[in-house]
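This briefing accompanies the sequence and the structure shown below. Please read the topics in order, with the viewer open beside the text.

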Amino acid sequence: MTRVALLAGGCVIGAYLLGSIPFGFLWSRGQLRRDLRRMNTVRGSLELQLRLLLAGVAGDPDRPRRADPAGGATDILAAVLDTAKVLAAATIAWHLVERFSPGHGHVRHFSLGAVAFTSNQVLLGHQSAGLWAGLSAAAAHLAPPWLGFRGGQGQAPVLALVLAYCPFGFSVGVLAFFVALAITRDVPRSALLSLPPFVGFVWLAWAFDWRHSWGVSNGPELTLWAAALAALVAVRMWPNPAPPETG
C-alpha cells in the first residue's frame, strides 16, 4: 500500500503540473485576451457572459464580439484543450493507481468498498486518486503558477470534472444555475449561487445513502471533494469591486 500511496501522491503532483499549462491562454494570446477578474464589468449579452464563464481567454470583454467572427471557434478550442488536460490528469491517475493496487483484476469494483467488503460510501484508492488529481489539475488551471497564480480562465474543465465524477450533483448545480440566471440575468452571480445547492445535494446524498448509478459513490470523501471544488471556484469567481466610472 505504500507504493500505491506514493503513486497517488505523484499523480496529484503531476496533475497539478499538467493543469497549470495554460493551453487556452497560449492559444489565444496572439489574437485577443480577456481576464475573468473583469467579468463584473461586462455589460454585453448573456451569450458573451456564458462564453466568458466557460472558455475565458479568447477575447476582450470591452470589444464587440460581432467584429470578431473567429472568436467563437477560438473560445471552443480553448475550452476543449483546457478540459482535456484536467480530465486526462484525473483519468491517468485513476488507471495508474488502479493498475498497481492490490488485487487488481480480481475484484468486482462495483460491489467492493474500501473498508471491509460491505461499505458503499468509502472510495477505492484509484477512485480517490482520480478525484484529487482532477481537483489538483483544476486548481492549477484556475490559478496557474506560470502566470503568477492569476489569469487562469474558464470553468469548462471544472464542469466536465464534476459531470464525470458527480453527475447528479452536476445536474442539481446546473438547474440551480439556470433558475438563478432567470432571476438575476447575471452569469457570474448565478454561477456562484449554484454552488451551495451542488454541495448541499452531495451532502444529502451522503447523509441519506442515496445510491449512485454513474460516477463515484456518495459519501464523506465525495462531499469533501465537492466542498473543496466549490470553494476553489467561489474564490476564483468572487467579483472584484467594479472600477469607478470616469468621464
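In this predicted model, Y165 makes contact with A90, T91, W94, G130, L131, G215, V216, L222 and W225, leaving aside residues up to four places away in sequence. Y165 is also one of the three residues, together with V162 and W225, that touch the most other members of the largest nonpolar core, a set of 40 residues. The elements that each give two or more residues to this core are helix 1 (2-19), helix 4 (71-100), helix 5 (125-142), helix 6 (156-165), helix 7 (167-184), helix 8 (187-193), helix 9 (195-207) and helix 10 (220-237).

**Confidence of the prediction**

- The average pLDDT of the protein is 75, and 66% of the residues score at least 70.
- Among the elements, helix 9 has the highest mean pLDDT, at 95, whereas helix 3 (residues 46-54) has the lowest, at 60.
- Over residues 30-43 the pLDDT stays under 50, although the model has 49 contacts beyond four places in sequence for this stretch; residues 57-70 likewise have a pLDDT below 50, with 38 contacts in the model beyond near neighbours in sequence.
- Where pLDDT is low, the predicted coordinates should not be read in detail.

- Helix 6 is largely enclosed by the rest of the structure, because seven of its ten residues are buried.
- Those buried residues of helix 6 are A156, P157, V158, A160, L161, V162 and Y165, and two of them, V158 and V162, are touched by L229, which also touches L135 and A138 when residues up to four places away in sequence are not counted.
- L229 itself belongs to helix 10 and has a relative accessible area of 2%, so it counts as buried.
- Although L229 and L135 are 94 residues apart in sequence, their C-alpha atoms are 6.7 Å apart in space.

**Aromatic rings**

- The count of aromatic pairs comes to five, and F201 and W210 form one that is tilted, with 5.5 Å from centre to centre and 45° between the planes.
- W210 also pairs with F208, in this case as a stacked pair with 6.0 Å between the centres and 15° between the planes.
- F208, in contrast, is exposed, because its relative accessible area of 56% is over the 50% cut-off.
- A cluster linked by ring pairs is made of W94, Y165 and W225.
- R99 lies over the face of F100, at 5.7 Å from the centre of the ring.

**Loop residues with positive phi**

- Most residues other than glycine have a negative phi.
- With a relative accessible area of 53%, R185 is exposed.
- D209 is another residue other than glycine with a positive phi, near 55°, and it is found in the loop between helix 9 and helix 10.
- The relative accessibility of D209 is 30%, so D209 counts as partly exposed.

- The side chain of S190 reaches the backbone oxygen of D186, at a distance of 2.7 Å.
- Beyond residues up to four places away in sequence, S190 touches F177, A180, L181 and T184.

Notes:
Residues are numbered from 1 along each chain as its sequence is written. This is a predicted model: local features need pLDDT of at least 70, side-chain atom pairs count only at pLDDT 80 or more; totals for chains, interfaces and linings use all residues. Side-chain values use heavy atoms; hydrogens and water are left out. A nonpolar core is a set of buried Ala, Val, Leu, Ile, Met, Phe, Trp, Tyr and Cys residues joined through side-chain atoms within 4.5 Å. Buried means under 20% relative accessible area, exposed over 50%, partly exposed in between (1.4 Å probe, protein chains only). Helices (H or I, at least four residues) and strands (E, at least two) are DSSP runs, numbered from the N terminus. Contact means heavy atoms within 4.5 Å. Rings of Phe, Tyr and Trp (its six-membered ring) pair if their centres lie within 6.5 Å; planes under 30 degrees apart count as stacked, over 60 as edge-to-face and the rest as tilted. A charge sits over a ring if NZ of Lys or CZ of Arg is within 6 Å of the ring centre and within 35 degrees of the ring normal. A polar contact is a pair of N or O atoms within 3.5 Å; within protein, one must be able to donate a hydrogen and the other to accept it, and residues adjacent in sequence count only if both atoms are side-chain atoms. pLDDT is the predictor's confidence in each residue, from 0 to 100.
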